[in-house]
Amino acid sequence: MSGSKKMAPSLYIRVDIPEKYINEFKEICSEVVVEPWEFGEPEPQPTVDLSKFDILYTQGLHDNLNIIKKAPRIKWVHSDSAGVEAMLNEDIENSDVIITNVKGCTSVPIAEHTIAMLSSLARGIPTMIRNQINKTWIEIPVKDLENATVGIIGYGDIGYEIAKRCKALGMTVIGCRRNPSKRNKEYEPADLIMGMDQVDDVLSRSDFVVLALPYTQDTSYFFNKERLNKMKKGSYVINVGRGNTIVDEDLIDALSNGHIAGAALDVFEVEPLPKDHPFWQLENVMVSPHNAYNSSKHIDRVMELFLKNLKLFSDGKPLMNVVEKKLGY
């Protein structure tokens with residue numbers, strides 16, 4: 001390699017990033033252009049010639065990568081979200097473009113959010129808050145977390161962090177994943193790991209069911225009437241994965257007839273959740289605005305990962321967090 005001059009890559013960014021990180025990118029890249037696409041706004045048209053860029057940094061939840069038609073040199077697309085569903089059209093799947101995401105950067109905050117929801121549902125916090133607003137002093141039914149069983153459906157990085165915290169609370173943890181023989185690092189917090197083909201068994205054993213599934217063809221409307229009926233009567237469901245995992249109408253029925261005691265939902269098929277949606281009204285539902293990933297350290301974690309990858313790309317080395325395009329995560 002000595003003697004050959006390495007070409008610095010050029011980077012086009014479609015999200016808002018603090019100036020200090022842009023300056024760090026500029027130390028590695030020959031050119032950095034930032035033209036943010038605000039969430040919920042129509043897609044802006046680039047004002048620069050995209051044919052000179054090697055890297056695209058964008059939001060995988062809402063960028064369908066149509067602009068790549070104008071950017072033939074793009075070799076690597078980085079998603080600012082763990083979800084990359086908008087990107088994975090047939091053209092991209094069949095292309096050589098590498099896609100990476102922020103998997104791992106959100107695992108700890110999502111796990112902390114999940115524990116907050118588990119505890120809130122077990123201790124009747126939603127009822128308590130309503131009673132406080134109405135100045136009603138009344139005993140609230142509660143459930144112990146100690147010795148309760150939690151089934152984590154989609155037992156990856158996020159599930160691992162949730163499991164660690166549930167074990168600290170004295171819970172029995174069952175992980176459910178596509179590849180049950182795969183073991184986590186030096187410490188395995190789950191008492192049992194089962195395959196996705198055994199998910200009905202996991203549901204029937206669990207007092208709390210945590211959905212942490214990625215967006216794939218297999219997980220779309222996975223949590224339907226049949227699956228809900230497999231759950232224990234009086235159990236709880238928490239969704240921190242993807243909004244399309246649940247058939248809303250089926251969950252509403254199960255919550256209304258008392259088969260499911262309560263739900264904490266952070267993700268929805270349509271976001272923001274429409275104002276007339278029944279989830280807002282149901283007293284045994286906690287709605288959070290796709291906020292489980294959030295953390296005061298979120299941007300630092302994301303930037304640290306991207307900078308590492310930017311250096312690897314610049315050195316012609318394999319990238320971290322490469323998405324398997326056919327699988328969708």
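**Entry 1: a pair of strands.** I am working with a predicted model. I began at Tyr12 and asked: which residue is its bridge partner in E2? I found Val33 there.

Entry 2: Next I traced the strand order, and I read E2-E1-E3-E4-E5. The five strands form an open sheet with parallel pairing. Which strands stand at the edges? I noted E2 (31–34) and E5 (98–100); each has a single partner strand, so one side of each lacks a neighbour in the sheet. From one strand to the next, the twist averages 15°.

**Entry 3: helices on the sheet.** I then checked what packs here. Helix H1, residues 19–28, lies across E1 and E2 and runs at about 150° to E2. Helix H10, residues 298–314, also packs on the sheet, where I found it touching E1, E3 (55–58), E4 (76–79) and E5. The direction of H10 makes about 170° with that of E4.

**Entry 4: helix H3.** I turned to H3, residues 107–122, and checked its span: 22 Å from first C-alpha to last, close to the 22 Å expected for its 16 residues at 1.5 Å a residue. How many of its residues are buried? I have 12 of the 16, so H3 is largely enclosed by the rest of the structure. Among the buried ones I listed Ile110, His113, Met117 and Leu121. Last, I looked past the helix and found that Gly124, which follows H3, has a positive phi near 70°.

Technical notes
Residues are numbered from 1 along each chain as its sequence is written. This is a predicted model: local features need pLDDT of at least 70, side-chain atom pairs count only at pLDDT 80 or more; totals for chains, interfaces and linings use all residues. Side-chain values use heavy atoms; hydrogens and water are left out. Two strands pair if DSSP finds at least two bridges between them. Helices (H or I, at least four residues) and strands (E, at least two) are DSSP runs, numbered from the N terminus. Axes are lines fitted to C-alpha atoms, for helices over the stretch in contact, and angles run from 0 to 180 degrees between N-to-C directions. Contact means heavy atoms within 4.5 Å. The expected span of a helix is 1.5 Å times one less than its number of residues. Buried means under 20% relative accessible area, exposed over 50%, partly exposed in between (1.4 Å probe, protein chains only).
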